Amino acid sequence: MLPEVVKRSASLPSNTKILIFGGGFSGQHLANAARELGAEVLCSRRDATKKGADFAFDSTRKTIISEKVFSGVTHVISCVPPSKDGADPVLEQCGQIIKNMPLKWAGYLSTTGVYGDYQGDWVTEQSNVHPAQPRSIRRLACERKWESLGIPLQILRLPGIYGPGRSALEAIASQKNSMVNKPGQVFSRIHIDDIAGAIIHLINLFSKDICPKIINVADNLPATNIEVLSFAANLLNIPVPDIESFESASKKMSPMALSFWQENRKVSNHQLCNSLGYKLIHRDYREGLKDCLKSNKSI
Ligand SMILES: NC(=O)c1ccc[n+]([C@@H]2O[C@H](COP(=O)([O-])OP(=O)(O)OC[C@H]3O[C@@H](n4cnc5c(N)ncnc54)[C@H](OP(=O)(O)O)[C@@H]3O)[C@@H](O)[C@H]2O)c1
């Protein structure tokens, strides 16, 4: 919950102005937390009439962004995924402006998909990247474009994002998800409270010259789909769905859903939580889903 992120985070210096490209699920949550911690925050959405939009930015429509938006910005973060053609929507339009801004910090939200398949092994920030999925190849290319700007950048690699309104609770309540059994297959995940909390933690460390370039932001417990969905069903007091073999379930999956099952890795948060001292708000999916239930009364 947002109050927990705010309670656990150090406040931000009063002249902090954060520009968030892509005020979607994670971007909005970060914006709300950073404002509570004393920063001025401007958030983009593709349509300026959408909830939480402070300015419109849509790379496909080449929206003109007012100079006022960039004035006095100290921190920039992009939560916008690569375009289908592999371009970075933010850099395509605003790369030169961002490069020339006197930034204290810039962040790029990437994915752990860039590591590729590790057959169930742990991946750390030192692991080789060998993305196989086209979207992960595009993502790595975008990471590299951000790096090439030569700005004070950190790349945050995220596994599956969940939080109130977008979690296994909704998946199980909608009865669209079956419990797929693929022995040995696990997924890592991260709650949006810990995305916002970790970003604020990293911004504060960066100002003290503690600034690793790449950081995995994941919880402590990679888990199977069955473990997570059973826990969600029990929280909601509804029957646990039948288990289906991967062989059978995969025949009905979309190519996108199938692609997630083609890679298997556990994402290590050792650097974030040990070396950099970030304390997770939700250590695993059990704590995180209980929070989602408390926060989302409509489910
Ligand atoms: N979802 C996951 O499980 C997951 C896992 C790992 C990494 N990631 C990545 O982490 C980042 C944040 O994830 P999220 O789930 O918070 O994302 P999200 O809710 O889908 O938000 C994405 C944001 O990007 C904006 N956007 C998309 N295409 C754009 C374009 N062409 N021009 C301008 N803005 C554009 C969207 O605009 P609107 O607000 O108008 O929709 C939205 O604000 C994304 O890059 C995502 O791919 C996601």
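**View 1. Helix α2 passes helix α7 in a right-handed crossing.** A crossing is right-handed if the near helix is turned clockwise from the far one by less than a right angle, and left-handed if anticlockwise. In this predicted model, local features need pLDDT of at least 70 and side-chain atom pairs count only at pLDDT 80 or more, whereas totals for chains, interfaces and linings use all residues. Residues are numbered from 1 along each chain as its sequence is written. The axes of α2 and α7, lines fitted to C-alpha atoms over the stretch in contact, come within 9 Å and cross at roughly 55°.

**View 2. Residues of α2 meet residues of α7.** F25, S26, H29, L30, A33 and A34 in α2 are in contact with I192, I195, A196, I199 and I200 in α7 (C-beta atoms, placed from the backbone, within 7 Å).

**View 3. Helix α2 comprises residues 25–36.** Helices are DSSP runs of H or I with at least four residues, and strands are E runs of at least two, numbered from the N terminus. From first to last C-alpha, the 12 residues of α2 reach 17 Å, close to the 16 Å expected at 1.5 Å a residue (1.5 Å times one less than the number of residues). Just after α2, G38 takes a positive phi of about 105°.

**View 4. Buried residues of α2 pack against several elements.** S26, G27, Q28, H29, L30, A31, A33 and A34 are buried (20 or more other C-beta atoms within 10 Å of the residue's own, placed from the backbone). Their partners include β1 (17–21), β2 (40–45) and α7 (192–206).

Terms used
A residue is buried if 20 or more other C-beta atoms lie within 10 Å of its own, exposed if 12 or fewer, and partly exposed in between; C-beta atoms are placed from the backbone. Two residues are in contact if their C-beta atoms, placed from the backbone, lie within 7 Å. Axes are lines fitted to C-alpha atoms, for helices over the stretch in contact, and angles run from 0 to 180 degrees between N-to-C directions.
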